[in-house]
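Please walk me through this structure in a viewer, one selection at a time. Tell me what to select next and what is there.

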Amino acid sequence: MATFKDFRNDVKPNWCPGCGDFSVQAAMQRAAANVGLQPENLAVISGIGCSGRISGYINSYGFHGIHGRSLPIAQGVKMANRDLTVIASGGDGDGYAIGMGHTVHAIRRNVDITYIVMDNQIYGLTKGQTSPRSAVGFKTKSTPMGSIEQSISPMELALTVGATFVAQSFSTDLKDLTALIEAGIKHKGFSLINVFSPCVTYNKVNTYDWFKENLTKLNNVEDYDPSNREMAMQTLMKHNGLVTGLIYQNTERPSYQELLTGYSEEPLVDAELNLDQAHFDKLVAEFM
Amino acid sequence: MQINDSIYIFFTYPKGCKEMINQLSWKVGGQQGEGIESTGEIFAIALNRLGYYLYGYRHFSSRIKGGHTNNKIRVSTTEVRSISDDLDILVAFDQETIDVNYKELHRGGVILADAKFAPKKPEDTEASLYAVPFTEIATELGTSLMKNMVAIGATSAVLDLDIHVFEEVVREIFGKKGDKVVAKNMDAIKAGFDYMKDKMDADVPTMVLEKADGKRRMFMIGNDAIALGALAAGCRFMAAYPITPASDIMEYLIKKLPALGGTVIQTEDEIAACTMTIGASYGGVRAITASSGPGLSLKMEAIGLAGITETPLVIVDTQRGGPSTGLPTKQEQSDLMAMIYGTHGEIPKIVLAPSTVQEAFYDTAEAFNLAEEYQCPVIVLSDLQLSLGKQTVEPLDVSKVEIRRGKLVTEELPEIENKGYFKRYEVTEDGISPRTIPGMKNGIHHVTGVEHAETGKPSESSANRIAQMDKRFRKVENIRFNTPVYKNAPHEDPDLLIVGFNSTRGAIEEAMVRLENDGMKVNHAQIRLIHPFPTDEVLPLVRSAKKVIVVENNATGQLANIMKMNVGFAEKITKYVKYDGNPFLPHEVHSKCKELF
Ligand SMILES: Cc1ncc(C[n+]2csc(CCOP(=O)(O)OP(=O)(O)O)c2C)c(N)n1
Ligand code: SF4
Ligand SMILES: [Mg+2]
């Protein structure tokens, strides 16, 4: 059995000291060990941003792609090898700005992968511009007079486009976050986990203290039922999206792979490549 | 268009005479959505089954209903790969069809027009016009929808064809609807035939097609062959976004892949299509994506990712009229430079350009081998004429398709000390590194679009940068591709070398025959490996020729420029470009070449 240490490699992250992404990395490694994975059976696919570097800091197969495109790459990997555990990850700009189209469609499609967004309400890597998660009035290098665009509510959005697993966490809540990632991995379908992961360098508003003050744990909300989509929506609206925990899970809807006609039970990567003569003759006859 | 006397005319029929012909050009036209396509299809399939070689080219616009559309079909007893210069029979369902197309008819040509619209014959044509009550006869037999069948019957009368040849096809198409419907449609064909036979007098030339060899051959579009090539090569996954003229590839594969355990995902856009294909390929599956110009533009950043991460990637680009939405349903070959150089930065890339449907099959299959052997993007370039032109194809031999996976690791790997990473980007002599895929024990490495060291971990050191760049380019220095240039070069010292790529092959071949008949010495080269450019193969051909003409469907002469860049001899090389959305006709190439001398 692999332990979380087996998911560590010898690369020292180049994140700023205190960056929220450190704990996300630790939670991912723990969750991978807790669900019983071997490093070679995990593929972490990441986007571009400070957060995107995460795939290079985990001892597993890792693919650091291009800005905003971790999800289609991750879905391709999973389609190729359904035995792998595939985690896509990146920043709020990566997933909710440039990659928003993919986020929405990956949710609809429901391929069995886990998507972890490190949400710091800012662009870290490019040194502090506004993100779709920045609040109205938030001043950044690109919004010196304060942002005048509405911020996106990814959890509400996910619910409206048919998500089957929606969760949110805070990077310092290592235990809760680890448990949510485990649940996400085990979920049969697409799981979205948005993690508040403070950027200590460029975001002086949404700090650790700010989150501690403003977040509500769903565990503490009386009678909260994560299988109730309507309740999920109402709770998110009531708390302005600032809740943590499992927001919604639908265990009934089958994953994309389960619904696909003809899709191989065996990993596609093991399929025979040669097309036998009889099969080819049949195909050719249709053109005659 | 000035077709008449200046050009080569295959056949003119003295009036009132039965003429044996070995080639026929037939066109059916009307409003889009009127069943023009199926009329052409039934006619063509039946003749194909008799052993004729067919070549069909559709003229259509990017709307579903309305707008003039036509389907021009060439029938021949020998292989043909080009649209014909002229026309023998024009079947018209509206006056527009006559007005737009009559000039293609030669003097002995025949117009068979629906009497319903009271067709008028233009003054300046010597072709004969027959108003045949297509719609009326069809309506009498039950439904006006069968007017297409009546038209096929009338055509058969002119050609003296036995209408039973259509029975099998009609049964296949309408059989599901019951015997009655089949019988009715056959009745419609017979009624058209009888009507026309009755009307025919000494004034109607009857064109009797020479008998064909009776062999059954495939009748398919280039896109079918591309899709079939992918299947034969073991491709089991496709991600794509619909676009003309590429969609047929995904539509075919979505039907056929499930039986092989695979699938097609229609993605949200072409960026997703390309990156998903990269993901699947990184995962170890042979995967493909296909699009046309606008989609390729969106894929460019991802192509660079495949380049630097050395992930095998097979992309089809079926070119159409650009830029932007351009002429979306028309022929063009203007993506050449973009396919060779597209993506920022520099990566090794392979660009193939099959020039026949058969080559489209073998080259697509081979693209998967090249992608895995050289671990880089391979673009299979096609064009609208090749991708959509429906034609008779000589048998494809699946046993000729090899599967070579290059340096994909298959054996068990030794344990790496201290959780070190597998050297996925090991600097080797040929530049190609061993490749492991997720799931392989002891094969863990990092993959990133950031410049990286041998284990895949990011590195910005100058020495490493140079080592990795050089390694990547070394891979394709000695690329092995079976036939980088299709050559028909009978002369040691030709007057002229004609060069083209993709679908211009047919028009060039026919022009070459005519030029030789004129007494000129002509060689022909069709470039199949566009990049890396096969200079060694092309240079001697250019050197030995007095003049070189490069025939291409674009405005700037992209291939001509690539030739000048790679082989020199700029002063000898003339470009012959056409960018009005239409394919080259043999007579155009013929007269342009004559102009050079
Ligand atoms: C196509 C493209 N456009 C722009 C960039 C520059 N860029 C890199 S990361 C980034 C935004 C990062 O923000 P986020 O995704 O929130 O990640 P963070 O750094 O905050 O973790 C941008 C704009 C890029 N790499 N690629
Ligand atoms: S800039 Fe912000 S997001 Fe980036 S590493 Fe530093 S703290 Fe983390
Ligand atoms: Mg961010």
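This is a predicted model: local features need pLDDT of at least 70, side-chain atom pairs count only at pLDDT 80 or more; totals for chains, interfaces and linings use all residues.

Select Asn120(A): its relative accessibility is 10%, so this residue counts as buried.

Now show the magnesium ion (ligand 3). Which residues coordinate the magnesium ion (ligand 3)? They are Asp92(A) through OD, Asn120(A) through OD1 and Ile122(A) through O, at 2.0 to 2.2 Å. Along the sequence, these donor residues follow the spacing D-x27-N-x1-I.

**Chain A as a whole**

Zoom out and colour chain A by secondary structure. Chain A contains 10 helices and 10 strands. Along the principal axes, its C-alpha atoms fill a box of roughly 70 × 45 × 40 Å. Of the 288 residues in chain A, 58% are buried. Taking the contacts in chain A between residues at least 6 apart in sequence, 71% join residues at least 24 apart.

**The nonpolar cores**

Select Ile247(A), Phe237(B) and Met563(B). These are the residues with the most contacts inside the largest nonpolar core, which has 99 residues. Apart from this core lies another, of 53 residues, including Leu275(A), Met218(B), Ala225(B) and Ala371(B). In soluble globular proteins, nonpolar side chains tend to be buried together.

Go back to Ile247(A) and show what surrounds it. Neighbours within four places in sequence aside, the contacts of Ile247(A) include Met155(A), Val166(A), Leu218(A), Tyr224(A) and Leu236(A).

**Aromatic rings**

How many aromatic pairs does a search of the whole structure find? Over all chains there are 15. Select Trp26(B) and Phe43(B): the ring centres are 4.0 Å apart and the planes stand at 25°, so this pair is stacked. Trp26(B) belongs to strand E2 (residues 23-31) of chain B and Phe43(B) to helix H1 (residues 36-49) of chain B, 17 residues apart. Both Trp26(B) and Phe43(B) are buried.

Move to Phe361(B) and Tyr362(B). Here the centres are 4.9 Å apart and the planes are at 80°, so the pair is edge-to-face. Phe361(B) is buried, with a relative accessible area of 0%, whereas Tyr362(B), at 21% relative accessibility, is partly exposed.

Return to chain A and select Phe170(A), Phe196(A), Tyr208(A), Trp210(A) and Phe211(A), which form one aromatic cluster.

Two charged side chains come next. Arg30(A) lies over the face of Phe4(A), 4.5 Å from the ring centre. In chain B, the charged end of Lys547(B) sits over the ring of Phe597(B), 4.9 Å from its centre.

**Backbone details in chain B**

Show the backbone at Gly322(B) and Pro323(B): a cis peptide bond joins them, with omega about -10°. Pro323(B) is in the loop between strand E13 (313-319) and helix H11 (336-341) of chain B. Another cis peptide bond joins His531(B) and Pro532(B), with omega about -5°. The loop that holds Pro532(B) runs between strand E21 (529-531) and helix H16 (535-544) of chain B.

Then select Gln375(B), a residue other than glycine with a positive phi, near 50°. Gln375(B) lies in the loop between helix H12 (357-374) and strand E15 (377-383) of chain B. Is Gln375(B) buried or exposed? Gln375(B) is buried, with a relative accessible area of 0%.

The last stop is Phe569(B), where phi is positive at about 55° although the residue is not a glycine. Phe569(B) is partly exposed, with a relative accessible area of 26%.

Definitions and conventions: Residues are numbered from 1 along each chain as its sequence is written. Chains are lettered from A and ligands numbered from 1 in the order in which they are written. Side-chain values use heavy atoms; hydrogens and water are left out. A nonpolar core is a set of buried Ala, Val, Leu, Ile, Met, Phe, Trp, Tyr and Cys residues joined through side-chain atoms within 4.5 Å. Buried means under 20% relative accessible area, exposed over 50%, partly exposed in between (1.4 Å probe, protein chains only). Contact means heavy atoms within 4.5 Å. Donors are N, O and S atoms within 2.8 Å of the metal (3.2 Å for Na, K and Ca); water is not among the atoms, so sites may look incomplete. Rings of Phe, Tyr and Trp (its six-membered ring) pair if their centres lie within 6.5 Å; planes under 30 degrees apart count as stacked, over 60 as edge-to-face and the rest as tilted. Helices (H or I, at least four residues) and strands (E, at least two) are DSSP runs, numbered from the N terminus. A charge sits over a ring if NZ of Lys or CZ of Arg is within 6 Å of the ring centre and within 35 degrees of the ring normal.
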